[in-house]
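Please look over the structure shown here before reading the report that follows, which takes up a few local features in turn.

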Amino acid sequence: MSVITQETFDEAVRENEVEFGMSRDEAIQDAIEQFQKSGVQNFDHLNLDINQNSEESIENPILSVIQNMKSVSDYTEHSVCQQLEFLLEELPEDRPGNISFAGSHGLVKVLVECIENNLTEPSNNQIVLSAKILTNLCTKNPSNRLIMESDITAIATLMEALKRVYECDASSAESVVELIRCLRANARCSEKNKVSIGTDSGFKLILSIFQAYKRSPSIFVQLCALIRSLLATDDFRSEAPECFQRARMLTDGKARPSLLAGCPSAVTLIVEGLATHFSDEEVCREAWGSLRALALSDDICKEMIDNEILLMCTSRMLNDTSLSAAVLRQSLGWLRNLAARDECKAQMCSAENINAIVRIMETFPDDARLYEAGCGVFGALALRNQSNSELLASCGVISLLVVALQRHSADDRVCRAACAALRNLVARSSSVRLQARADPQVEIFTRKVYDQQKPATHDLSYAALRELGVLHDSELKASRYSVISSSSCQVSHC
């Protein structure tokens, strides 16, 4: 681009003013700089003082409302709710430009102050509206979450508002839901906010609300989602020990502080809600997802495997053909985490359960995440356990692993899980190894993964081929692993 028209230049200036809240001078200067980067050098033919006969500037309506709210001294005025309703309409999650603009012009702080100034009236609609807007601002925008992190009182204000709303008889369930949603949005990808929420008093409040509202599906769903966010390692600053500690504080573990000693375990509360609302798909999805997130340690997994109601729900889940793939992804993910504990395998590894998982996977052959979880269950059950490996093979699991490698060959996560499961199945049982080698497709599709030489899948595909005993001598010599000969079916464990 070497020449631009007056119309093009005027439109660029207007966009800077309306979309980014720039002053007239800033908008003109920015437009010139952007066009210069595109190759335009001559602006002599343009009238840079555009639209002299119009208003001196174009004011962004979002910016106008933010500025008005900054100057409001009485947060009980009806006009404030009207302005909040306008912002809620203008700032949905699917308008990232508006959300970034509002956050950069101080709306996050304004909304936190609005909530803080209404704590004496927790039933006030301003709290709900402010929480809804904050959720939209922070769910997908890291910069706005960073603003919340940098304000040491922001999360504390939200937690205090949740406490006041929970204790106020006049408050609606919607108020509780929106504040929990807001906390969840800010816990996402922010270890600092997770820490601010996951205090002793914070977890006591969360468990108390869980117990009081376990028959309310909308609140139950949001609490489960909040727990998942608090236990997720989605921030580079998050470390496993912190997540383990938060999980233990929520459950009946020895690590619980005295403040939480009388609180019921999150496992118990989630299972009761799951049993009560089993027919509600959203409840099922979030309940199984939160149980999966909590299954981080041996003591928590033991608490789960000893829960008779949960075992009944598990049996129902495995045999309910009406459940969606979204629910089954989470429930199989939970079983995968549980199967990683040796003490849980004995109760889980039955022909009935394995056949049910095989049926589920055959019902949703194109769902990569469901296949990843299912292969993960098989791999965990087979690890260091010959009898489990032989039972899995007798239920047709080897053929299902071939399907996984064939249909999801481009998905590294599925390929890793399938190769790991295959390796564990054949590693300790010569009969299973012979059964796998009898099917040429097992080697064909495992080799396809191996030949791709991807860092994410190469080690496990090699291990599977090694334990099958199908690697050529040249491949064995090039490996740093202890191996078995291609002409032998004897395993050399490393």
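## Val165 and its surroundings

Leaving aside its neighbours within four places in sequence, Val165 is in contact with Pro122, Ser171, Ser175, Val176 and Leu179, where contact means heavy atoms within 4.5 Å. Val165 is found in helix α9, residues 154-167, and helices here are DSSP runs of H or I with at least four residues, numbered from the N terminus. At 1% relative accessibility, Val165 counts as buried (buried means under 20% relative accessible area, exposed over 50%, and partly exposed in between, with a 1.4 Å probe and protein chains only). Val165 and Ile127 are 38 residues apart in sequence, while their C-alpha atoms are 9.3 Å apart in space.

## Basis of the model

This is a predicted model, in which local features need pLDDT of at least 70 and side-chain atom pairs count only at pLDDT 80 or more, whereas totals for chains, interfaces and linings use all residues. Residues are numbered from 1 along each chain as its sequence is written, and side-chain values use heavy atoms, with hydrogens and water left out.

## The pair α22 and α25

Helix α22 (residues 368-382) packs with helix α25 (residues 412-427) at an angle of about 20 degrees, and their axes are 8 Å apart; the axes are lines fitted to C-alpha atoms over the stretch in contact, and angles run from 0 to 180 degrees between N-to-C directions. The two helices α22 and α25 are therefore roughly parallel to each other, a term used for angles under 35 degrees.

Among the residues of α22 that meet α25 are Tyr371, Glu372, Cys375 and Phe378, and the α25 side includes Arg413, Val414, Ala417 and Leu425. By class, this contact of α22 with α25 has 10 nonpolar, 3 polar and 3 charged residues, where Ala, Val, Leu, Ile, Met, Phe, Trp, Tyr, Cys and Pro count as nonpolar, Asp, Glu, Lys and Arg as charged, and the others, Gly among them, as polar.

## Cysteines

A search of the whole structure finds 0 disulfides, a disulfide being a pair of cysteine sulfur atoms within 2.5 Å. For Cys375, the closest cysteine sulfur is that of Cys415, at 9.3 Å, too far for a bond, and Cys375 counts as buried at 1% relative accessibility. The sulfur of Cys344 is 5.1 Å from its closest cysteine sulfur, in Cys301, which is also too far for a bond, and Cys344 counts as buried at 0% relative accessibility.

Terms used
Parallel < 35°, antiparallel > 145°, perpendicular 65-115°, else oblique.
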